[in-house]
Amino acid sequence: MSFLFTLRRGLASSGKRYYGKASNVPEEFSPSVGRTAAASTIRRYSIKSPPKADVDSIVIRSKTRSPQRKRKATYTSDNKFHLPAQEDWVAAFPTAGATFSSRVFLRNAQSAAVVADAFVPAGSKDRVIIEAFPGPGVLTRALMALPRERIRKIIVLEHLEPYLDFLRPLQAADSRVHVLPLDGYSWNSYQKLESDGYLKDIDTVPWDQSHPHLHFIAHLPTSVYGEQLIAQFLRLIPDGGWLFQYGRVPMSYVMHDWLWERVSASTESLNRCKLSVIAQAVSSFAQHLPPEALLPCDRHFWPSSVVPGYRAVPMTAITMDPLERQIIEKGMLDKWDYCLRKLFVLKSKNLERAIGHLAPGSTALLSYLTDPTLPADHPARADVLKLIRKMEVMDWAAVVRAFDAWPFAPEDLLITESFSREG
């Protein structure tokens, strides 16, 4: 399996804490001062008859002891095939820290059944599901409950132990389920699927038809890593990398509503961005359920607002299908990346004014884009008076095509904020 790119996690922030002495605190409420004063008081007076004032001061200082930290609730069960009762989820599934707080997943069995049926509808047959970031497996259980002819195999990728405890019993109960302690964010995980033979029964299907069997499903993390991951998957479509070496593999996601707005943003939306253009150049997509079907969030997803300090976020369920006719041609992804990144920083300017930002002398590209010898609707032409954020995918295709044909285009297309290459 060919993997063109790699993602790297940022370094975690230091766990050190620093405490300074509070100002304007009465001396008798300072623990260190209290201990010293108490010791000198006991040495100076007889224990039998201490002066009343000093007894009082000692009593006051004893009240300054910090209260014991409340012990965290824990959950235990002898049968983790069954999920905990809703009131026990706080104890069973951690929510503290970026690793867990960004892991939002379905917790309502009824809504999970609706989503599963939408992802793998009636008429599906012998699907091989790769499911990433399942959490404790509410959606996994809903997939298992579908008519057996729809799904031949479910490969579950989850690396966090609190969730694995509730996933492993599914493997023991159903021979179709394979639970692997792997991180869905790591490319090595997907390489291991192939090297260990989990995909050996997958046929390569011609690009003119959607793959009838292989299907990728994931709850995308609500952190920046979720957006980076879907951006990477989409960018692998044109050159047939990753799972797309097997053909046009559909991808179904439960994702943050804000990320969906960026992916699906039209030219009239202020949310339109580089991700919108790439997504629309390589795939078609649609929401399976009306947005209100998964509202309120607390009823359908975990973590919920019962967790102190946590604010539930709206989520949506979608499926993306690679386009049969790819607008990004093979081998051209780097040039699309370069043009999008250089021009989107000037998204409020029109193309005519912004195009000089591509490279020294790049205003020469205007002659390619406005060639009067070509019909107005020719794919090589573009409306240079459009704002950058209002450009259609075909406008971008014309810009990239002109950039590729320009003999003075820079050869080094590396931009510092682009994804790191492997190695």
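Which strands does helix 11 lie across, and at about what angle does helix 11 run to strand 7? In this predicted model, local features need pLDDT of at least 70 and side-chain atom pairs count only at pLDDT 80 or more, whereas totals for chains, interfaces and linings use all residues. Residues are numbered from 1 along each chain as its sequence is written, and side-chain values use heavy atoms, with hydrogens and water left out.

Helix 11 lies across strand 7 and strand 9, running at about 105° to strand 7; helices (H or I, at least four residues) and strands (E, at least two) are DSSP runs numbered from the N terminus, and angles run from 0 to 180 degrees between N-to-C directions of axes, which are lines fitted to C-alpha atoms, for helices over the stretch in contact. Helix 11 (residues 274-282) also packs with helix 13 (residues 333-344) at an angle of about 145°, their axes being 10 Å apart. In this contact (heavy atoms within 4.5 Å), K274, V277, I278 and A281 of helix 11 meet W336, L340, R341 and F344 of helix 13.

The open sheet comprises seven strands in the order 4-3-2-5-6-9-7, with mixed pairing, where two strands pair if DSSP finds at least two bridges between them. Strand 9 is joined in the antiparallel sense to strand 6 (residues 251-256) by six bridges and to strand 7 (residues 283-287) by five. M320 of strand 9 is the bridge partner of M251 and stands opposite F285. Because seven of the eight residues of strand 9 (residues 315-322) are buried, this strand is largely enclosed by the rest of the structure; buried means under 20% relative accessible area (1.4 Å probe, protein chains only).

Conventions. Buried < 20%, exposed > 50% of the residue type's maximum accessible area, 1.4 Å probe, protein only.
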